[in-house]
Structure formats: structure tokens, C-alpha cells
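User: I have a model open and would like to talk through how its parts are arranged. Can we go piece by piece?

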Amino acid sequence: MADGFLDNARRVLGAERRQGCRDATVVGGLEKYLANWRARVAANAVDPSPLLFAERIVATLEGYGVAPPEVRAERLDRALALLDSGANGGGGALPGRRPSTTPTFPPPEERFGTGALRGVEPIQPAPKKPAAPAPPTDTPIDQVKGIKPKEAQLLAKLGIVHFGDLLWHLPTRHQAYPAARGAADLLLQPIASFVGRVIDVEISGSPRGALHRIVSTLADPTGRVTATWFRHGRFSPVKVGQMIAVSGKVSTSGRALNFDNPDWERADAGEPIHTRRLVPTYPLVGGLADRWLREKIKWAVDALADGVPDPLPVWVRDEHGLEPLGAAIRQAHFPDDEAALVLARRRLAFDELFTTQLVVLRRKLDWQGAVAPVLLPVDGPLEALLGAQPYRLTRGQQRVLSEIFADVARPQPMIRLLQGEVGSGKTAVAAAALFVAVCHGAQGSLMAPTEILAEQHYRTLTEFYDRAEPALAAIGSRRPRVGLLTGSIKGSGRRAIYDGIAAGEIDLLVGTQAVIQEGVEFGRLGLAVVDEQHRFGVRQRVALREKGGHPHVLVMTATPIPRTLALSLYGDLDLSTIDELPQGRLKIDTYLLTPDERQIAYEKIRREAANGHQSFVICPLVEDSPHLEARAATAEFERLHSGELRGLRLSLLHGRMKPAEKDRVMREFRDRQHDVLVTTAVVEVGVDIPNATVMVIEGAERFGLAQLHQFRGRVGRGELPSVCLLLTEDANETVLERLQVVADSDSGLDLAEHDLKLRGPGDYFGVRQSGFPELRVATLDDAGLIERARAAARKILDRDPDLALPEHAGLAARMADFRRRTGEPN
């Protein structure tokens, strides 16, 4: 690589380090600079090596803009070290690049510091037994020699059922142990490594005691140290005369040095596994030792990693600077250094995201490969419909309608996700789109997750069209005929709905999932709208296909979805966003209250009730335990009913209730039969209660920021000033700072982005519930890598939509496995 490129990058990165890692050294931030720098390197490279080296620098600093200061500093130091090694390597060399076959390790004295340092006794390799031959990758784990039946049962709990599964049981972290030093050089080293000969072992403790103290004295030519372990039984892990290596915490007592419960291994047994390197730590279950599992995984890695078929085409690897799969697996477990680990995990993360994008883009091709049952160009009656409403559409609504109408005028079926804040006017957009379908002789449907929401949509659509009836009649048009179908409608009423739909006498059918169940036969379904967090999955698509061929589909959600999450969870849907609220919508004032200020919230509820207004009280979240959450909500309801809110009309809502009971409670609250609704998070998306003016959220620190924003949107739906009170059980500064973000921001999308960075996608609403497979390495907030994976997947499918070419057989198998894990038919 030309020295000019290296010098330029070193100057910029060095200046950024000196200025405190504030990402302010270059305009647009460091990541933008690096992208341009990589492009310049690529344009001037005469062979692949400089570009691959540039990719390594870019990968090391990926995510720099959102990383905390200490992480930025550590990544900058690594990148600067890589640049220095590039300068020393010269020309087009690729410093540190590993071959796709088994890496060749430098001599131990160079790699692990066990002979080149002053006074460290040279290591003579011990005579070794021939290694047991590794079994084939598909060998059941209980048939692998050296693994006992009980151990096989425990491994199965970790998902390791075949020998090859050990390769994919990836570390959660690595413990960085330095190279070995002589005893004379260990002072003031909090974490260190040492190689010495065992000259003494002392075991103390009662013969009947459960725990024994084992002190081993180790020596090298520069001095002595001790290593102390506490173990059950009078058994020492090391024996006098052995040459061993230890790594771990070092404590001092006067001039004496001691390793406290260190990791250890024979120093003459070959490549280190447990000491003097980046040592992997793996997920475990009770009964399995980390050391034992590490050795079994090392056995599998050495035997199998280099033979793992790489499904990624070479051109994809080259275009995105990715390691060969075998090398990535090896380095993800037992990396040569931090930079090698970064590159390995980047390759494995790319594979996960790439497979996801293959699936969602293929899903989109499947849906849009059919011909839409009806084209829906926009014409005159729509202006009459919208002009009859008492409000004008916002710019955001108009833009989204334009996107929808452009889609439905094409022969391919639309499949679009519409997101917008609570109260942003999504239903009005849906009403306009459904009206256009009816104007062209088609039918429409609107599916909601609950009966009470379906009833609300039915009333909203009916009123929307009723207002325009005179104007439509004046131009020779008519209002759509709207029907309602829920589980509560039975007998002759249900039959009348079935007949009306089949005969075309009902233009728009609103309901729950009943609208796509047996008995409903649309004459010509042109547009299907799916509302509010209702995951529109493959089963719903199959059902819609059976009802109406390939209708245009609009999925609506009030949950603000960060773009990276949308590309993964909803990557098969085109995305529209209503990014503004209608004029006149009142701001909801949000306040933080500490545990000592709880009475303020209750007093506010009482005052609002005295004025005829209603309130919500959200009970704290209990992770992964709906039963405990319901019990906690019931206890809070009883406490408030007999305590602070005694005399008010309270009702209770939680997730353990039957759907009909939930609907009854919400109807009664809507009809003002209760002053206060004590509820769990099930009320996050719900009906409009214009009379509700207070939202109290207990244990607010347990919820995500985006979820708190959703709760806040339950009030302020009318013309009454409203407040949201965030009660925290923990008044420490970090908690209050995080919650203050909610109080200071009205943007659900900004809060969702912030939430994703703070908590990760696993905590974000919708990821766990969506059936999305768990990611081992990738994160759904890595925008750069997601974009790269999506671009590569699109190129593959453009060339081979069915992945039928022999070179894509591995990709087809991965996609089939993804679908199997998500319950999606192939």
C-alpha cells in the first residue's frame, strides 16, 4: 500500500486520538472518512492486498460513531497499531492476513514469550500420545469417544447434538491473557502469565472439609511465584516437576507474588488453549466445566474448521473483504489477536445477516411475482372523499398516500409497511386507499388484533365515509358499504356477513383474524390492511392468497421501527413513514418522579377524576413471566383500591385474562364506567380513550424507551391537556438520565434508535415475538453490515432467483434451515 495512504490515515486517526475520541476530527465523522479512504485505496490498488488491508482498518473501527468513548479509544489504538504494521510490511503487503488453510504459528518463544524473555526457562516439548482421530462432523455427540453419556446430555441442552455442532458453539467473550514474563518482571502486573517448573505443592484444609487450599510453588531462572487454588478434595491440579503455564490475577504480599486461582496448562503440550492468549469463554449449563468444553471445541476446530464448506461465492467475499469461513471459525474461537477476532466475527455476522436478507428478499419476490387481481389508479372520487373531511391531510399523510397509490397502480401486488406515531393519521390513509379499491370494483379488508380495536376501526371508517356521502352522490359515486366480523358475531349475523361478502354487497370487511378464516369468500379482494403490531407472517399471507389471490397489502404499526430493524424483521416490505402529527395535537407533558414523590402521581389522578377524567396506571414489567406479572398487577390493584385511590372506580387488566374479558374491561373503561385502569403492558396498543388524561408508569426503568413512548401515546387522544408520570424504583443518576431522554423527546423513532443502541434488539418489542431466529454474532443495529448483506443478497437473487445453480447449493440449504427454524414453509 502506498505510504501516502497510510500516512494520511495515521494522521487523521492520531489526531482523533489526541482530541479525546470525540468523532469531530473530520467533517461527517470518522466512519465517513474511512469509507472515502477505502474507496481511494481501491481505486489505486494494483492487486487485492491493499484493499483487504483497508477493509481490515475499516472493520476495526466499524460502529465508531455510536460507541462509548472508552471503546472508541481501544479501537483507535488497534487501528493505529495495524497502520504501523502496514508501514513496516511495506508495499502491497497485507499485514496479519491469515490463509484459508490452517494458520502456521511462529515458534512458541516468539508467539507466547516463553523463551525470548530474560530468564524464562526454554520449553522442551513433552512426549505426546497420538491425538485421537476426530469423528465425522455428523457423528452423534453421544457416540464421540471421550464424551460420557451424562456429558452428552448436558451438551444437548446447549444445542450440541453432533460433533460438528461444537464449531458453532461460539464464545460469549475472550479473556485477554498476555505473553509469559519471568518472575522478576511480574511486579505491578495485575493480570499476567508465567511459565515455570513446579517445585512444591502444599494442600491444607480439614480432611473432612469440603474445600481445600492448594498452593503450588513455581520457579524459573529469575525467581519464584506461587499459584493458589481452592478445590473440593485433596487433589492438586499440578504435580512437582511439571513445566506449567499459569495466567490470571497476580497479588502481592511483601515481595512475594501469587497467582489467585489462575487458569493453567502444561507448558510443553503445544499451542496454548487456556493461558497466554485470548482465551474463549463459552455458554455453559450446570455440570459442564468451561475448561473441559474449551478443550473439546479446540479438538473440533482443529479437526473440522478448515473443511467446512464455504457457501459464500468468492466474489462476495472479495467484494466485502470477508475472511474464508474456515479461518473465521478458527479465529472466532481461538484468535491470533484482537484484530483477527474482529475480522472473524465480522464474517460470521455477515453470514447471519446475509441469510436473513436472502430469506426476506426471496419472500418479497414470491409475493410480487404474481399478478395483482386489480390495478387501482387514482381518480376523481378520492378528492371528493378527502375534501369532505373536517381536516386536511398532513404532508406526511399525502406523501405516504402517493407511495401507496404508485404501488397499487402497478401489476405487481403491493406489500408495504406503514409506520407512524399514535394519532398520526394512519387510519385515514388506510380509509383513502380502501376507498380507491372499492371505486375500481374491488373489495377491501382491515384486520385488527382485538375485537375492540376492530369495532373502533369499523366506527372510524363508517364515520369517515358517512361524512363524504353527499359529496360522492353529487358526482355520481357512492360510499363504501362496511361490514364487521369478529368472534362475538355468531349465528345468523355471521351468516349474513359471509353472504354479503361473497355476493359483493359488502365492500369493506373489518374484523379480527376471522376475516381470513374459513367461511369468508371474497368476490374480488383488492386491498388488505393489517393493523397494529399484528405480525403479518407467512401463514397470514397464505390465508390471504386463498381468500383473494394476491391482493395489495398494507401493514400498519404504531411501533417506531429503526431502519436497521425494519430491514431485518420487515425486509420484505417496502417502508413508508408518517413523520408528523396533525396540527393542533396537544403535547403530552412528561415528568420523572422518584420513589419519594409517588404521592404526587396519586394526587394528580384524584384531581383528574374529580374533573370527570380518567387515568392509566401501568404496573412494572416482570421479564419472561406473565404469571408473576399478572399477580403483581392484581396486588397493585388491590393495594390502590384499598389505599391511595380508595373511593375511585378502579378496574384491572392483565395478560392472563381471556380475550373476551380484556375486551369487556376496555369497553367499560372506554364508556367511562371506571376512573382508573390498572394494567400491565397489554394496554400498550389499544383503543382510543379521549377522556384519559393521566398515564402513570410504575417501575419505568424496566421498560424500553420506545415502549414508554407507546404508553404515553395512550393519553392525549382528545382535546384535554394530558400528562405522563414516570415513577422509578431506582433513583440513581444513570436511571434518571436514561428516563429523561423520554421526557425530553416527542419522537418515537428517535427513542427507538436510542433504545436499540442501549438495550439491543433482543429487548426491542417485536423481535422475540416475531419468530426471528436468534443471532449468534450479528446485531440488528449494525447498519453498515446490514446494508452490505442486503446488497449482496440482492445481487445473488438477481442472478439466480431460485438459488438453483450448483455454486448456490450451500446458500439454498442455509435459507431452508432459516425457514425451518422460523416455521416458514419452503
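User: Which strands does helix α22 lie across?
Analyst: In this predicted model, helix α22 (residues 733-744) lies across β15 and β20 (723-727), running at about 165° to β15. Such angles run from 0 to 180 degrees between N-to-C directions, with axes fitted as lines to C-alpha atoms, for helices over the stretch in contact, and contact means heavy atoms within 4.5 Å. Helices (H or I, at least four residues) and strands (E, at least two) are DSSP runs numbered from the N terminus.

User: And what order do the strands of that six-stranded sheet take?
Analyst: The order is β15-β20-β19-β16-β18-β17 in an open sheet with parallel pairing, where two strands pair if DSSP finds at least two bridges between them. β15 (589-593) and β17 (650-653) each have a single partner strand and stand at the edges, so one side of each lacks a neighbour in the sheet. From one strand to the next, the twist averages 20°.

User: How many bridges join β16 to β18?
Analyst: Four bridges join β16 (residues 614-618) to β18 (residues 676-679), and the two strands run parallel; Ser615 has Val676 in β18 as its bridge partner. Helix α20 (residues 659-670) lies across β16, β17 and β18, at about 145° to β17.

User: Changing topic, which residues have the most contacts inside the largest nonpolar core?
Analyst: They are Ile404, Tyr465, Ile605, Phe616, Val678, Ile697 and Leu708, in a core of 92 residues. A nonpolar core is a set of buried Ala, Val, Leu, Ile, Met, Phe, Trp, Tyr and Cys residues joined through side-chain atoms within 4.5 Å, buried meaning under 20% relative accessible area with a 1.4 Å probe and protein chains only. Helix α13 (residues 426-439) gives the largest share of this core, 11 residues.

User: What does Phe616 touch?
Analyst: Leaving out residues up to four places away in sequence, its contacts include Phe669, Leu677, Val683, Met695 and Arg714.

User: At what angle do α10 and α24 pack?
Analyst: Helix α10 (residues 338-368) and helix α24 (residues 783-799) pack at about 50°, with their axes 8 Å apart. That makes α10 oblique to α24, since angles under 35 degrees count as roughly parallel, over 145 as roughly antiparallel, 65 to 115 as roughly perpendicular and the rest as oblique.

Note on methods
Residues are numbered from 1 along each chain as its sequence is written. This is a predicted model: local features need pLDDT of at least 70, side-chain atom pairs count only at pLDDT 80 or more; totals for chains, interfaces and linings use all residues. Side-chain values use heavy atoms; hydrogens and water are left out. Buried means under 20% relative accessible area, exposed over 50%, partly exposed in between (1.4 Å probe, protein chains only).
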